[in-house]
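Student: Hi, I'd like to go over the charged side chains in this protein. Can you help me look?
Tutor: Happy to, let's open the model together.

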Amino acid sequence: MGLIYTKHQEKILKKIEIESDISKWKDWKWQVRNAVRSIEAFEHLTGIRFSEEEKESLKITQGKFPLSITPYYLSLIKKDNYKNDPVFKQSFLDNRELIVSSSEMGDPLSEDHDSPVPGITHRYPDRVLFLVSNVCAMYCRHCTRKRKVGDVDSIPDKSQILQGIEYIRKTPQIRDVLLSGGDPFLLSDDYLDWILTELRTIPHVQVIRIGTRTPVVLPYRITDELVNMLKKHHPIWINTHFNHPREVTTSAKESLAKLADAGIPLGNQSVLLADVNDCPRVMKELVHKLVMNRVRPYYLYQCDLSEGLSHFRTPIGKGIEIMESLIGHTSGFAVPTYVIDAPGGGGKIPVMPNYIISWSTNKVILRNYEGVITSYQEPDKYEKTLCDRDCENCNLELQLNDGEEMDAIGIEKLLADYDDTISLVPQNNERYERRQELYETNKL
Ligand SMILES: *Cc1c(COP(=O)(O)O)cnc(C)c1O
């Protein structure tokens with residue numbers, strides 16, 4: 001293992017410890033214990049100073065959402081230009097967090113409404129979000145779960161986790177469980193091993209996913225012991241959260257290599273953040289660095305309507321501009337899907353530039369990334385087979401040996417032959433309510 005240790009990091013270490021000792025720096029528990037949790041500690045370790053006035057208001061911000069920055073992540077801040085620093089902006093208090101605009105909400109994604117038991121959000125038919133921890137090594141200032149994360153009153157205890165596991169056990173549709181939080185990797189190896197072992201006793205759980213930002217803010221958490229434990233529970237997939245190319249350091253790369261070498265497919269979820277990564281070139285650099293480290297860019301999120309995030313939000317147009325600059329311009333597997341998590345709990349909605357320009361019965365007109373407009377000739381003959389979902393007698397030979405088949409949901413319903421639905425109508429559609437009235441008064 002190389003010397004993953006810079007002069008700057010050594011300086012910070014010396015300020016915390018009497019004797020500088022690299023093994024301490026690389027000990028993740030030391031990093032968590034010595035995380036910067038006060039403005040004074042931040043000033044001491046970085047040499048950045050705030051006025052008394054500034055400190056007063058920063059403390060109010062801190063009262064609303066806690067401060068925690070690992071010495072490692074702190075060491076990535078460039079002091080000379082800290083106000084523009086992407087690491088500083090993601091991790092240090094900003095008084096604009098106190099501004100709550102009228103469209104912002106505590107729980108914009110209605111995760112609590114789709115929650116059958118505490119800690120579980122069951123939004124999609126076959127997968128659940130399972131919050132197993134509510135602490136993080138570093139509290140991202142742009143956190144969408146600010147209402148919950150870091151709050152000591154909502155730490156999930158063992159009985160709550162058991163309740164979640166029981167819900168998954170008695171719900172056979174769930175084939176994919178997504179552990180998140182907080183950061184699941186702030187739990188001990190043993191505790192996480194226990195959760196994974198329990199989940200693995202459930203036959204219908206095919207895939208377990210873990211969402212963690214530790215490769216970014218606490219790369220030393222990815223130890224050989226952790227990785228060996230995870231390997232026992234395959235298939236395990238991991239999604240991490242890099243937002244800026246500056247975060248892909250030697251230590252971060254090492255942690256990613258460990259995970260990838262353990263056979264864990266790695267994905268990355270970035271959040272589009274104003275003044276941090278809202279630039280096509282920054283994003284392209286980031287996705288290239290990710291794929292070089294065997295991480296597949298998975299999602300690029302539009303910033304949610306959570307309280308106090310207005311200074312981080314960009315127009316959706318910025319995201320589409322970034323997608324325009326990636327699709328076709330770089331490797332397909334380096335391009336994430338740009339998604340907007342629908343306020344109110346509709347789930348993730350993918351958004352892209354338009355590539356279909358026009359359409360007739362026999363031709364589709366498309367454009368490519370260069371602006372070349374092309375036409376695709378539809379087949380003269382395409383035998384439309386009626387699908388009545390009699391899969392046993394279908395020549396496509398789908399083997400339906402396990403699992404219940406589910407009915408069509410949503411738009412799929414409109415496309416299906418075996419469903420008579422011709423339109424999806426919102427429940428509060430006034431026009432339909434008027435029709436219903438006419439119907440009830442026998443005028444129709
Ligand atoms: C994002 C999310 C998932 C997983 O969605 P994928 O598109 O499968 O990655 C599941 N449940 C909830 C509540 C989510 O927010």
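Student: Is glutamate 52 buried or exposed?
Tutor: Glutamate 52 counts as exposed, at 56% relative accessibility. Buried means under 20% relative accessible area, exposed over 50%, and partly exposed in between (1.4 Å probe, protein chains only). A quick note on the source: this is a predicted model, where local features need pLDDT of at least 70, side-chain atom pairs count only at pLDDT 80 or more, and totals for chains, interfaces and linings use all residues. Residues are numbered from 1 along each chain as its sequence is written, and side-chain values use heavy atoms, with hydrogens and water left out.

Student: Which side chain does glutamate 52 meet in a salt bridge?
Tutor: That of lysine 55, at 3.6 Å from N to O. A salt bridge is a side-chain nitrogen of Lys or Arg within 4 Å of a carboxyl oxygen of Asp or Glu. Lysine 55 is buried, with a relative accessible area of 11%.

Student: OK, new topic: what does glutamate 97 pair with?
Tutor: Glutamate 97 forms a salt bridge with lysine 146, and their closest N and O atoms are 3.2 Å apart. This pair links distant parts of the chain, 49 residues apart.

Student: And how buried is glutamate 97?
Tutor: Its relative accessible area is 4%, so glutamate 97 is buried. Lysine 146 counts as buried too, at 13%.

Student: How many salt bridges are there by this rule?
Tutor: The count comes to 25. Another one of them joins the side chains of aspartate 224 and lysine 258, at 3.4 Å from N to O.

Technical notes. Helix = DSSP H or I, 4+ residues; strand = E, 2+ residues; numbered from the N terminus.
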